[in-house]
Amino acid sequence: MKILFYAAKIYDKKSFDPVLKNFPEIEIDYIDHELEPRTAALAKGYDAVCAFVSSDVGAATLEKLNECGVKIVLMRCAGYNNVDKEKAKELGITVKCVPGYSPESVAEHAMALALAANRRLYKAYNKVRENDYTLKGLRGVNFYGKTAGIVGTGKIGAAMCRICNGFGMKVIAYDVYENPALKEFVEYVSLDELLERSDLISLHCPLLDSTYHMINIDAIKKMKDGVILVNTSRGALVNTNELIEGIRLDKFLGVGLDVYEEETGNVYEDRSDDIMAHSVTARLLAFPNVIITSHQGFYTVEALAAIAETTLQNFMDAKNGVKTNNDVA
């Protein structure tokens with residue numbers, strides 16, 4: 001049984017190859033190309049393809065995969081908003097994802113972004129490298145005693161709640177489905193109340209029609225002055241142009257983003273020689289209180305191992321017709 005692994009990086013091979021020993025019936029061929037309609041034809045003769053959050057798993061790609069006889073798409077990530085689920089069901093293509101890999105990895109990165117944005121660690125590092133030991137532009141606030149607002153309390157959001165609680169913060173949360181395991185120290189409130197009360201807002205929810213651009217200028221105007229906003233979930237939860245408007249209104253002490261709307265062409269690519277004339281990302285980076293990382297929240301040894309194990313087990317389940325909570329379509 002063979003899997004064609006799209007957009008493979010060195011770390012993918014290093015994390016998947018050791019786990020393959022536990023699945024001797026599976027072979028993986030790694031290629032650099034991203035999955036899209038043009039490259040889907042490369043999957044002819046394979047049982048499954050392995051794709052990432054940056055892949056194009058839309059209708060055209062799925063139709064091409066179907067023509068090639070591929071009936072399994074393995075998403076090596078939690079998100080699947082780039083998958084045309086209805087088309088996959090229509091074509092009888094099984095799509096599975098990895099929803100539960102090391103939630104602490106993403107939550108810890110979210111807190112790292114919050115701390116870095118608060119204490120301007122990126123600016124402090126560069127100042128000292130240039131022998132500038134002044135403190136200008138580096139003042140932050142204590143997190144202890146402040147209010148953390150967590151939007152989405154699934155596994156990652158729950159991990160972020162525990163981290164914030166450990167910092168001595170008051171933790172409030174918003175979710176359509178409340179997590180009873182958190183109620184000992186988390187107060188559930190409406191989204192509007194969370195926006196109004198929080199000193200730190202961290203987004204940990206999926207991208208749905210109901211959450212698309214949930215952080216827009218109206219939401220930003222409801223926030224406290226001097227709030228810190230962190231997004232490690234999906235870029236389109238935040239309307240980037242309106243976020244820029246909010247930054248210019250001096251609404252934020254800091255903004256930390258591991259995901260952003262324009263990331264698809266950037267993720268894991270070296271674009272240091274490119275002129276990005278119309279890039280909203282470049283506009284964001286021009287602000288001294290913004291830090292952006294390249295979708296690396298998942299990037300820990302533990303998370304990569306869990307992703308590999310779950311992805312290969314998803315393949316075996318799909319081949320055997322086993323339905324699990326990892327099914328997307």
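## Cysteines

Cys164 is buried, at 0% relative accessibility; buried means under 20% relative accessible area, exposed over 50% and partly exposed in between, with a 1.4 Å probe and protein chains only. Cys161 is likewise buried, with a relative accessible area of 0%.

## Basis of the values

The model is predicted: local features need pLDDT of at least 70 and side-chain atom pairs pLDDT 80 or more, while totals for chains, interfaces and linings use all residues. Residues are numbered from 1 along each chain as its sequence is written, and side-chain values use heavy atoms, without hydrogens and water.

## Packing of α4 and α6

Helix α4 (residues 103-119) packs against helix α6 (residues 155-166) at an angle of about 50 degrees, the axes lying 8 Å apart. Axes are lines fitted to C-alpha atoms, for helices over the stretch in contact, and angles run from 0 to 180 degrees between N-to-C directions. Helices (H or I, at least four residues) are DSSP runs numbered from the N terminus. The two helices, α4 and α6, are therefore oblique to each other; under 35 degrees counts as roughly parallel, over 145 as roughly antiparallel, 65 to 115 as roughly perpendicular and the rest as oblique.

Contact (heavy atoms within 4.5 Å) involves residues of α4 including Pro103, Val106 and Met111, and residues of α6 including Ile156, Arg162 and Cys164.
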